[in-house]
Amino acid sequence: ENQPPMIPRYWSAAILLLVACRAAPDRATSLRVTIDSTGHYPVVRSLGEAPTESAKLVAVVDGSVSSQEFGSIRSVLLAADGSLYVADPSNRVVSVFDSAGRFVRQLGREGRGPGEYRDPYSLAWLGPRLALLDPGNARIAFYEPSGEATSSPNVPSISGGQFIRLYRTPPAFWSYSFRATAGGSEGIFVQHSEAGTADSLPLIKLAAGAAVGRRCTRPDEGISFFSAPFGPELLQIPSPDGLLVAALTSGYAIAFVNRQGDTVRMLKRDIRAAPVSDAEWSEANADWVAFRAKWPTAACDLGEFSRPKFKPPLQFIFYDDVGRLWVELTTADGPRYDVFDATGRLQVSIAGLPSTGGVDPSVAGKRIAIVGRDSADAPVVRIYRIGPE
């Protein structure tokens, strides 16, 4: 597989700035939203408990009703009528299911011709048309509601990792790409709209030395890499209004950054972080411990991993079908999703949903589709309804 170039990233210390706040109107009985506009950018802080909605499981789609069970699921997409599209790159197929989870048809087929694909990677809507990222053919294929294939613009043939996907920001979407710079290359998001390919948005760069992983050279001259157990990661996605949404998973502070790299708005919220138990630390650290036992003389760039007291609260961020920002959280009170409107005001917290597992969920109306695993560790899609029937 072609891997995306290593993306140097930078994180401003300004994200940790705490400032005095100016009160804004309440939206709920115990929720208070404050906005401070005295600094270089507004800081929107949500205080207290947000209105809570629960999620009810309404369907589980495992692929067994189609011609073959899922080999893997890389992308799911709900339509307004409740139908579900599933991209399965292992079987090289895109399957369509109705709102009850029943198999309807296969969309397109494997190949290199119009409407065909080699690597069904990620799905998004562009108006009524379905967009399919296909790195195997280095293009984005478009399908009409009838299933007929239309145009297929070319994109770089980049694969590997959940980072490579279509980022849904209705009525447009974005794809990952890169461009040459004086120092090599930089990662960018490219916007796709009904008018065609439009703006690009550079990714944030992390300062040198900010990495928390380990790189070890073994006595056999091989190289091994290890991520820090419960270490911070940098999440970044494009927004519907052309800003970069970025957050370190180690804290609840979400920055909105323009194309020039300036922070224009910040969301903050206090959270009761979940502690790391002995069993969780032992499991997360097992590969590193086993490596050090097998290769005690391996030369590693840093020493042993330090055990954090708490798990990173932020897990994933994404936009829904009406442009609201969803924040997946791990807290001391259990998992939840916070949902913000376009101004950064917290609207609702949602309980009863599983983790995304790093695969982009899909929201349509009151329904959300989330990829998971069944009891036999096979991939499935679970569809939930948010709120009352």
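**Close-up 1. Glu116 and Arg109 meet in a salt bridge.** Glu116 is buried at a relative accessible area of 13%, where buried means under 20% relative accessible area, exposed over 50%, and partly exposed in between (1.4 Å probe, protein chains only). The N to O distance between the two side chains is 2.8 Å; a salt bridge here is a side-chain nitrogen of Lys or Arg within 4 Å of a carboxyl oxygen of Asp or Glu. Side chains of opposite charge can pair when their charged atoms come close. Please keep in mind that this is a predicted model, in which local features need pLDDT of at least 70 and side-chain atom pairs count only at pLDDT 80 or more, while totals for chains, interfaces and linings use all residues. Residues are numbered from 1 along each chain as its sequence is written, and side-chain values use heavy atoms, with hydrogens and water left out.

**Close-up 2. Residues 1–28 have a pLDDT below 50.** The pLDDT is the predictor's confidence in each residue, from 0 to 100. The chain averages a pLDDT of 87, and 89% of the residues score at least 70. Over residues 1–28, however, the pLDDT is below 50, and this stretch has 79 contacts in the model beyond near neighbours in sequence. Contact means heavy atoms within 4.5 Å. Where pLDDT is low, the predicted coordinates should not be read in detail.

**Close-up 3. Further salt bridges, including Asp333 with Arg272.** The whole structure holds 18 salt bridges. In one of them, the side chains of Arg218 and Asp220 meet at 3.1 Å, N to O, and Asp220 is partly exposed at a relative accessible area of 43%. Asp333 and Arg272 form another, with their closest N and O atoms 2.4 Å apart. This pair links distant parts of the chain, 61 residues apart: Asp333 sits in the loop between β26 (325–331) and β27, and Arg272 in the loop between β23 and α1 (278–284). Helices (H or I, at least four residues) and strands (E, at least two) are DSSP runs, numbered from the N terminus. Both Asp333 and Arg272 are exposed. Elsewhere, a network of salt bridges links Arg165, Arg168 and Asp360.

**Close-up 4. Arg269 is buried in strand β23.** The strand spans residues 263–269, and Arg269 has a relative accessible area of 6%. Beyond its neighbours within four places in sequence, Arg269 is in contact with residues including Ser46, Tyr252, Arg336 and Leu346. The Arg269 side chain reaches the backbone oxygen of Gly48 at 3.0 Å, and makes a polar contact with the side chain of Asp338 at 3.2 Å. A polar contact is a pair of N or O atoms within 3.5 Å; within protein, one must be able to donate a hydrogen and the other to accept it, and residues adjacent in sequence count only if both atoms are side-chain atoms. Ser46 lies in strand β3 (residues 43–48) and is buried at 2% relative accessibility. Leaving aside neighbours within four places in sequence, the contacts of Ser46 include Leu31, Val33, Lys268 and Phe340.

**Close-up 5. Strand β31 pairs with β4 and with β30.** Six of the eight residues of β31 (residues 379–386) are buried. Strand β4 (residues 52–61) pairs with β31 in the antiparallel sense over six bridges; strands count as paired if DSSP finds at least two bridges between them. Within this pairing, Arg382 in β31 is the bridge partner of Val60. Strand β30 (residues 367–373) also runs antiparallel to β31, joined by seven bridges, and Gly372 stands opposite Val380. Five residues separate β30 and β31 in their hairpin, and Asp377 in the turn has a positive phi of about 65°.

**Close-up 6. A disulfide joins Cys216 to Cys300.** The whole structure has one disulfide, defined as a pair of cysteine sulfur atoms within 2.5 Å; here the S to S distance is 2.0 Å. Cys216 lies in strand β18 (residues 214–217) and Cys300 in strand β24 (residues 299–300), so the pair ties together parts that are 84 residues apart in sequence. The torsion about the S-S bond is about 110°, so the disulfide is right-handed. Cys216 is buried at 0% relative accessible area, whereas Cys300 is partly exposed at 21%.
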